[in-house]
Amino acid sequence: MQGKIVKGIAGFYYVDVVGSGVYECKAKGGFRRDGKKPLVGDNVEICVLDEDRKVGSMTEIFPRKNQLIRPAAANVDQALVVFAAARPKPHFNLLDRFLVRMEREKIPVILCFNKEDIVTEEDVKALEDIYGATGYPLIFTSAKEETNIEILKRALRGKTTVLAGPSGVGKSSLVNRLIPEADMETGEISRKIERGKHTTRHSQLFLLGQDSYLMDTPGFSSLSVLDFEKEELKAYFPEFARWEEACRFHGCDHIHEPGCKVKEKVEEGAISPVRYKSYQEIYEELRGKRRY
Ligand SMILES: Nc1nc2c(ncn2[C@@H]2O[C@H](COP(=O)(O)OP(=O)(O)OP(=O)(O)O)[C@@H](O)[C@H]2O)c(=O)[nH]1
Ligand SMILES: [Zn+2]
């Protein structure tokens with residue numbers, strides 16, 4: 001049977017087989033020999049050893065579409081980056097750091113601002129002004145009042161999505177809204193895999209519906225140090241990359257160079273000063289990290 005690894009702990013892998021449930025599996029020795037370590041998100045072949053106890057053995061890992069290093073996961077289609085529109089107020093530097101990491105891993109982003117119920121239309125407009133030019137799909141939700149949950153569900157359908165966002169923005173509340181009540185099996189698996197304080201050390205996939213998974217991971221929820229050459233940074237701000245050709249100097253870093261089109265666009269308001277500020281801050285941080 002074919003399934004997907006939804007969780008791995010201490011040599012055991014939990015493999016979800018659509019229509020049959022979750023099997024606890026060990027990998028057969030053969031894997032280790034070719035150095036292929038099973039990852040959450042892997043599509044695998046299993047043979048069932050005990051149907052009643054839901055125990056199996058993993059015999060093959062199918063080729064991966066992609067592979068994330070931190071957190072370790074395979075076959076991730078997209079990222080859902082969740083921040084609160086307010087309470088806590090969005091920390092733009094942190095948010096932009098998440099976006100940079102996703103760009104770097106080449107993972108398409110959906111940007112979600114939750115707690116839409118406690119902000120004004122002007123607040124929503126202000127966030128749209130900052131992130132509209134990035135091109136990321138923007139969804140404003142309220143887990144509390146169930147606003148735009150259907151739109152979010154549609155955006156996740158048929159995909160494996162990694163969930164990212166700081167504490168307190170409503171990730172758990174959204175996940176609860178996304179799990180279909182009617183689908184007992186789905187609800188059961190999701191409950192078994194319980195999201196919460198003690199589960200934060202391992203990446204795991206929640207089944208949202210047929211072929212739709214949400215990956216909850218500790219690795220994407222905290223402020224992390226970015227470690228790459230500062231010249232790379234500009235490529236990870238999509239709305240900057242668009243103007244790059246128009247800068248006077250080839251390879252312009254959009255910092256102090258004269259004739260910089262990106263800075264001009266910031267002044268005109270086509271690029272948000274909030275985004276540009278994050279860029280400057282991250283750039284400075286990367287500059288400080290000299291490697292010898
Ligand atoms: N007003 C409002 N409050 C919300 C909404 N969603 C969540 N909350 C509240 O925000 C607080 C945090 O929600 P959680 O769902 O626990 O947030 P989280 O992102 O999972 O937080 P961690 O588990 O710490 O990562 C709770 O008190 C929720 O009731 C919303 O859409 N509107
Ligand atoms: Zn420039």
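**View 1. Confidence along the protein chain of this predicted model.** The protein chain has a mean pLDDT of 88, with 87% of its residues at 70 or more; pLDDT is the predictor's confidence in each residue, from 0 to 100. Overall, the model scores ipTM 0.98 and pTM 0.88. As this is a predicted model, local features need pLDDT of at least 70 and side-chain atom pairs count only at pLDDT 80 or more, while totals for chains, interfaces and linings use all residues. Residues are numbered from 1 along each chain as its sequence is written, with chains lettered from A and ligands numbered from 1 in the order in which they are written.

View 2. Where pLDDT is low, the predicted coordinates should not be read in detail.

**View 3. The shell around ligand 1.** Here 15 residues surround ligand 1, and the closest are Ser 167, Gly 170, Lys 171, Ser 172 and Ser 173; a residue is near a molecule if its C-beta atom, placed from the backbone, lies within 6 Å of it. Helix α5 (residues 171–178) gives the largest share of this shell, three residues. Helices are DSSP runs (H or I, at least four residues), numbered from the N terminus. By residue type, the shell has three nonpolar, eight polar and four charged members. Ala, Val, Leu, Ile, Met, Phe, Trp, Tyr, Cys and Pro count as nonpolar, Asp, Glu, Lys and Arg as charged, and the others, Gly among them, as polar.

**View 4. Helix α2 against helix α9.** Helix α2 (residues 92–104) packs on helix α9 (residues 273–288) at an angle of about 75°, their axes 9 Å apart. That makes α2 roughly perpendicular to α9 (angles of 65 to 115 degrees, taken from 0 to 180 degrees between N-to-C directions, with axes fitted to C-alpha atoms over the stretch in contact). From α2, Phe 92, Asn 93, Asp 96, Arg 97 and Val 100 meet Val 274, Arg 275, Ser 278, Glu 281 and Ile 282 of α9.

**View 5. Domain 2 meets domain 3.** The domain assignment, automatic or from a database, gives domain 1 (2–63), domain 2 (73–220) and domain 3 (230–288). Twelve residues from domain 2 and eleven residues from domain 3 form the contact. On the domain 2 side, α2 supplies the largest share, seven residues.

Methods:
Helix = DSSP H or I, 4+ residues; strand = E, 2+ residues; numbered from the N terminus. Parallel < 35°, antiparallel > 145°, perpendicular 65-115°, else oblique. Contact = placed C-beta atoms within 7 Å.
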